[in-house]
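Here is a brisk report on one model. It covers confidence, helix packing, sheets and backbone geometry.

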Amino acid sequence: MAQAQPERRIRQEATSLAQRLPGLVVAARQVAHTLLHGVHGRRQSGPGESFWQFRPFISGEPAARVDWRRSARENRAFVREREWEASHIVWIWFDRSPSMAFASDLAPVAKIDRAAVLALALAEIAVRGGERAGLIGLTPPLASRDVIERFAEALAANERLHGASGPLPPVALVKARSRAVLIGDFLEPAPAVVESISAFAARGAEGQVLMIADPIEETFPFVGHTEFLAAAGADRLRAPRAQSLRADYLARLSAHREMIRAACATRGWGFALHRTDQSASQALLSLRARLAGPEPISAARSA
Amino acid sequence: MLGLPLVFAAPAALAALALLAALYLFLRVTPPRPREVVFPPLRLLIGLDRKDTTPAHTPWPLLLLRILVAGLVVLAMAGPVWNALPSANDRALLLILDDGWAAAPAWQRRVAFAQAALDGAARSGRLVALAPASHGGLELSALDGRRAEDALRALAPVPYAPSHMATLPPIARFLAANARADVVWIADGVELGDTNAFARALGEAVEGHSLNVVLDRAPPLALSGADNLSGALVAHLVRAGLAARKIGLVRALDAQGRLIGDAPFDFAAASAIDAKFELPVELRNQINRLVIVDEPSAGATWLTDERSRRRRVALLSGASADVAQPLLSPAYYLKRALAPFAEIREAPPADGDPIETLLAEKPSVMALADMSVPPGAAHDALANFVESGGVLLRFAGTRLAAGEDDLTPVALRRGGRTLGGALSWETPKHIAAFDKDSLFFGLAAPDEVTVTRQVLAEPEPGLGDKTWARLADGTPLVTAAPRGKGLIVLFHVTADTTWSNLPLSGLFVDMLRRVVARAGPAPAETSGAGAIDKQTIRAPYRTLDGFGALGAPPADATPITGDFSGPAGAAHPPGFYGPPEALQAVNTLGPGAALAPADYAGLTIAAGGLDVAAPLDLTPWLLLAALVGFLVDGFVSLWLGRAPRFARPAATALLLVGALIGATLHMPAARAADTTISAQDADAARETHLAYVASGDATVDETTRLGLESLSRVLGERTSAQIAEPIAVDPAHDELSFYPLIYWPIVAGRPQPPALAVARIAAFMKDGGTVVFDTRDALNQTPGGDSTPEGLWLRKLLAGVDVPELEPVPRDHVVTKTFYLIDRFVGRTEDGQTWIEALPPPDPNDRTPRPARAGDSVSPIVVTSNDLAAAWAADAEGRPLYPLVPGGPRQREMALRGGVNLVMYTLTGNYKADQVHAKDLLERLSH
């Protein structure tokens with residue numbers, strides 16, 4: 001009985017993600033909203049609808065670019081530039097496997113809740129920023145203002161139909177120069193994770209990996225006779241003296257992370273770790289900054 | 001075992017204690033339950049090198065606890081018995097049980113002790129014989145334990161002291177037949193029924209056997225008599241030995257067992273003491289028996305009969321021809337004055353000499369009204385009566401004044417004195433205040449008592465001492481003088497009103513009361529008197545049992561003759577004998593008997609006496625302790641393991657269920673009485689509610705509820721009555737007494753309520769409640785036509801109820817005036833008639849204006865057909881729910897006013913019918 005119970009609990013919580021989605025939607029909206037201020041456009045000229053600036057005409061340009069109305073006021077010719085509004089696709093994926101449903105006493109929320117909030121908020125920000133966002137395997141890229149609701153509906157439908165997802169992202173049709181954001185705990189064996197990331201990278205996608213961790217996984221505060229149960233499956237480990245495992249565990253954990261981090265670095269991907277006892281907006285801000293950091297330049301170059 | 005009074009029924013089970021060591025080892029190597037945690041990165045842990053694999057040990061307190069629990073279980077299985085009587089032999093057991101009245105106070109403990117002894121014998125399969133003292137020479141038979149218990153349960157103490165010697169031969173034969181028997185004598189410790197002789201004889205008879213005498217720590221108390229003296233009834237208490245109780249209460253009860261009085265007693269160091277009941281003689285006369293409180297035995301009960309209770313007053317009047325005019329007879333006044341506190345005997349007409357006839361009745365007071373006693377046999381008998389202690393009460397009169405007679409306290413001057421007559425200048429004299437040495441001291445001498453004529457005493461030395469009452473001028477009015485053991489009292493006036501109006505006053509009664517109270521019990525019989533009494537056979541009427549309770553006489557009680565005086569015995573158990581109007585009491589102890597402690601010299605007296613604790617089977621307690629230990633262990637393990645949170649409630653529930661099972665198994669005694677009060681009743685008792693009977697028709701019920709709610713609100717707004725929300729009651733189940741008014745809308749289609757409900761409604765109406773039946777059919781009624789279905793339904797309902805006469809509410813009925821001045825009760829309709837209990841017709845001679853009339857109580861029933869509740873009903877915003885016929889806000893207001901009046905009527909009753917309100921009402925009615 002004791003063996004079956006934790007699994008059932010996690011499964012229940014995982015399936016109830018669909019029920020918790022409305023709350024998560026609100027939280028995601030809030031988090032996204034706090035970050036939306038000051039995130040307007042690309043802040044550089046480019047193909048777009050809205051006015052950006054007038055600049056003096058450089059000879060050699062096509063005459064059609066001259067803004068005659070402006071130029072008529074002065075003796076010089078001016079060119080009207082529009083803001084650059086290139087629309088990129090941000091593919092988002094977050095882990096909905098049973099292990100994500102875990103929340104220890106030290107954490108305010110389950111890992112999956114945090115992951116969902118981050119994913120939805122990121123989608124919102126991306127859409128507000130003029131990009132399109134899509135959930136890998138669930139939705140096409142969307143640019144609608146209610147992207148959060150659309151995502152939530154897709155998640156809920158998928159949740160009801162298929163239950164929890166696998167621990168690693170499915171390799172979807174991610175086109176080159178689109179960006180992928182993978183959120184999860186990535187506790188699968190490191191080679192599998194690396195392989196999954198490189199599958200994305202091989203398609204030319206650039207991206208970010210955000211690893212979510214529960215504080216208890218980081219600190220391993222167990223003492224005494226303890227039996228560890230897996231979040232899914234019947235795996236269990238009985239440790240007569242749990243404290244003796246701590247050093248080895250922490251070493252292993254950091255090695256595991258290091259391997260993933262290295263895989264990301266070699267492929268030009270970003271990697272970040274987020275603990276569920278930290279605030280979501282912090283993680284989102286850094287994620288967004290990293291997404292928007294070097295990327296627009298290369299995009300501009302490519303444009 | 002080990003000096004402890006501990007015996008094991010199955011000592012072999014103790015061998016299992018050796019297993020405890022194995023248990024220790026086993027527990028030692030079994031680690032405590034690990035706590036389970038869910039840990040997603042489990043994969044990272046798997047394969048780690050476990051450096052320290054030593055399992056944690058079970059903590060030693062837990063280990064100790066578990067071994068203790070196991071040990072307790074093993075001990076319990078061995079069947080330990082605490083305080084078991086020594087029974088490890090095969091000797092026969094003979095229980096001699098004193099079962100006279102002296103054993104009654106501690107009877108329960110005696111039986112419990114005997115029971116314990118029998119249990120012990122039954123456990124070891126010994127033969128048992130029971131020898132109660134009251135069974136006399138019956139042969140003893142050895143019984144097995146169960147039959148001996150039955151025999152023991154059938155025993156009860158007898159109300160007399162049985163003779164012990166009669167039991168000796170069977171005991172001797174039993175001892176001869178059973179070599180080496182254990183004899184236990186549960187004795188009462190009182191020398192009654194040859195106890196001392198029996199003790200000596202028994203001591204010789206038990207040679208070669210063992211004998212233990214078991215005594216209660218406190219010997220019994222007893223009542224050995226009661227004397228109804230002047231001023232107090234004195235109960236004589238005795239006790240057997242100084243170890244007996246010293247202080248307590250004697251209680252006087254009347255024939256119905258009602259308490260008359262209590263008198264405390266304190267033996268101090270004496271073995272006999274008196275307790276006094278200082279009560280009025282009338283109360284003392286009511287005393288039927290005296291009991292010592294907390295001493296339930298026949299010996300501690302004293303029955304009193306007519307002899308000790310009443311002062312018998314023989315009454316004889318010299319005037320013989322006044323039978324035709326009894327109110328003028330002096331005997332009439334005397335009878336009326338004496339009747340409250342004395343038993344009066346009058347001479348039967350024409351039956352020898354009346355004085356001798358009356359003296360044969362053994363009176364304590366002989367009253368002669370205006371009669372002279374000429375020398376002769378009657379005179380001698382009377383003189384003898386006084387000499388031997390009787391009181392002769394005489395009243396003056398013309399005959400006494402004329403006659404020669406020495407049975408007077410003072411010498412009388414021949415010829416009387418007339419005051420205030422035609423030939424006298426003196427006015428009628430008043431009575432002077434009573435002297436301090438007078439028997440009448442303390443009585444008030446009222447002014448209205450006047451004396452117009454009297455006989456005069458010859459002045460003589462010592463006249464003042466003999467005078468108990470005198471006139472204002474000092475003339476003796478009542479004189480008294482002792483003669484022999486008795487007393488002669490003379491009233492110098494007649495016992496009728498010809499000479500004075502003293503016999504008409506209350507003082508006369510008080511004076512006679514004191515005189516009679518002064519008289520002792522009837523003087524000893526003179527020869528020749530009472531011969532008839534002696535020979536009368538008196539059958540037992542009610543007898544005492546050993547505990548001193550009166551009950552039907554046993555079959556073997558035989559009648560007594562009138563002169564029976566000996567103490568009670570098996571043939572004549574204590575109790576009342578004779579016809580109910582002339583009962584004779586037979587008491588356990590003779591008057592003046594004493595109790596002496598029995599002498600058990602030479603016999604072994606068991607230490608501790610009856611107080612040896614009964615054997616206690618420890619098995620359930622040990623198991624209980626084991627269970628508790630088990631539960632503690634469970635909780636501690638849970639706490640140590642700190643299982644995941646979800647597992648805890650289940651485990652806790654399991655443990656609690658275990659605890660409950662254990663508690664019910666082992667503690668069945670602690671059960672609180674099931675006196676729950678329903679929430680509705682508790683609520684109804686706190687506030688006033690209007691109630692309605694749910695008809696079962698949802699629409700009608702909801703309408704009724706809303707109507708009453710609206711009415712309650714209106715009452716709260718307009719009157720000082722604070723009515724809480726209405727309550728639907730089911731008369732068959734709910735307590736109705738909380739509600740002043742029950743509204744019952746009649747729905748014809750519904751089944752009739754059960755008979756029980758009707759009976760309870762009837763009781764509610766009888767107890768002052770009011771039921772308003774609303775047939776709601778005013779629109780369907782045709783004058784003089786058939787009854788409507790609702791009317792028939794109501795008639796059927798009320799068939800079993802005592803309904804008073806009804807009338808249409810008269811215009812001056814108080815219900816029309818209780819708050820508003822209204823003339824009828826309108827509801828949704830206004831044509832229907834409202835019926836109420838008919839008032840008594842107004843007094844035709846009463847000319848005062850009475851705007852409101854009321855009966856003595858509130859009408860238990862009001863029948864209307866106007867559908868009141870529908871008119872009251874309003875929704876939460878106060879909007880009416882139903883249209884009215886003919887309609888209009890005025891009608892709705894009048895409906896509510898009618899409702900207010902009805903409720904105020906049930907709450908205040910006929911208050912507004914009081915004349916105090918008449919003026920206001922008239923004023924308001926005129927405008």
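## Confidence

What pLDDT does chain A average, and what share of the residues score at least 70? Chain A averages 78, and 82% of the residues score at least 70. Here pLDDT is the predictor's confidence in each residue, from 0 to 100. Chain B averages a pLDDT of 81, with 87% of the residues at 70 or above. The model scores ipTM 0.72 and pTM 0.42.

This is a predicted model, in which local features need pLDDT of at least 70, side-chain atom pairs count only at pLDDT 80 or more, and totals for chains, interfaces and linings use all residues. Residues are numbered from 1 along each chain as its sequence is written, while chains are lettered from A and ligands numbered from 1 in the order in which they are written.

Residues in contact have C-beta atoms, placed from the backbone, within 7 Å. Residues 294–303 of chain A are also below 50; this stretch has 9 contacts beyond near neighbours in sequence.

Chain B has such stretches too. One is residues 524–533, under 50 and with 11 contacts beyond four places in sequence. Another is residues 643–647, under 50 and with 11 contacts beyond four places in sequence.

Two packed helices are described by the angle between their axes and the distance between the axes. Helices (H or I, at least four residues) and strands (E, at least two) are DSSP runs, numbered from the N terminus. Axes are lines fitted to C-alpha atoms, for helices over the stretch in contact; angles run from 0 to 180 degrees between N-to-C directions.

Helix H4 (residues 111–128) and helix H5 (residues 147–162) of chain A have axes that come within 9 Å and cross at roughly 140°. H4(A) and H5(A) are therefore oblique to each other. The cut-offs are under 35 degrees for roughly parallel, over 145 for roughly antiparallel, 65 to 115 for roughly perpendicular, and oblique for the rest. The crossing of H4(A) and H5(A) is right-handed.

H4(A) contributes Leu120(A), Ala123(A), Glu124(A) and Val127(A) to the contact, and H5(A) contributes Val147(A), Ile148(A), Phe151(A) and Ala152(A). By class, the contact has 7 nonpolar, no polar and 1 charged residues. Ala, Val, Leu, Ile, Met, Phe, Trp, Tyr, Cys and Pro count as nonpolar, Asp, Glu, Lys and Arg as charged, and the others, Gly among them, as polar.

## Helix packing in chain B

Helix H1 (residues 19–29) and helix H3 (residues 60–77) of chain B cross at roughly 150°, and their axes come within 10 Å. This crossing of H1(B) and H3(B) is right-handed. Among the residues in contact are Leu20(B) and Tyr24(B) of H1(B) and Leu63(B) and Ile67(B) of H3(B). The contact divides into 7 nonpolar, 1 polar and 2 charged residues.

Helix H20 (residues 698–718) and helix H24 (residues 889–908) of chain B pack at about 75°, with axes 10 Å apart. H20(B) and H24(B) are therefore roughly perpendicular. Leu711(B), Val714(B), Leu715(B) and Arg718(B) in H20(B) meet Leu896(B), Gly899(B), Val900(B) and Val903(B) in H24(B).

## Sheets in chain B

One open sheet of 4 strands runs E11-E10-E13-E14 in chain B, with antiparallel pairing. Strands pair if DSSP finds at least two bridges between them. Strand E11 (259–266) and strand E14 (301–303) of chain B each have a single partner strand, so one side of each lacks a neighbour in the sheet. The twist averages 20° from one strand to the next. Strand E13 (residues 289–292) of chain B pairs with E14(B) over 3 bridges. Leu290(B) stands opposite Trp302(B) in E14(B).

Another open sheet of 4 strands has the order E28-E27-E30-E31 in chain B, with antiparallel pairing. Strand E30 (residues 575–577) of chain B is joined to E31(B) by 3 bridges. Phe576(B) has Ala585(B) as its bridge partner in E31(B).

## Backbone geometry

A cis peptide bond joins Val885(B) and Pro886(B), with omega about 0°. Pro886(B) lies in the loop between helix H23 (868–872) and H24 of chain B.

Phe220(A) is not a glycine, yet has a positive phi of about 50°. Phe220(A) sits in the loop between helix H7 (215–219) and strand E7 (226–229) of chain A.

Notes: Left-handed = near helix turned anticlockwise from the far one by under 90°. Contact = placed C-beta atoms within 7 Å.
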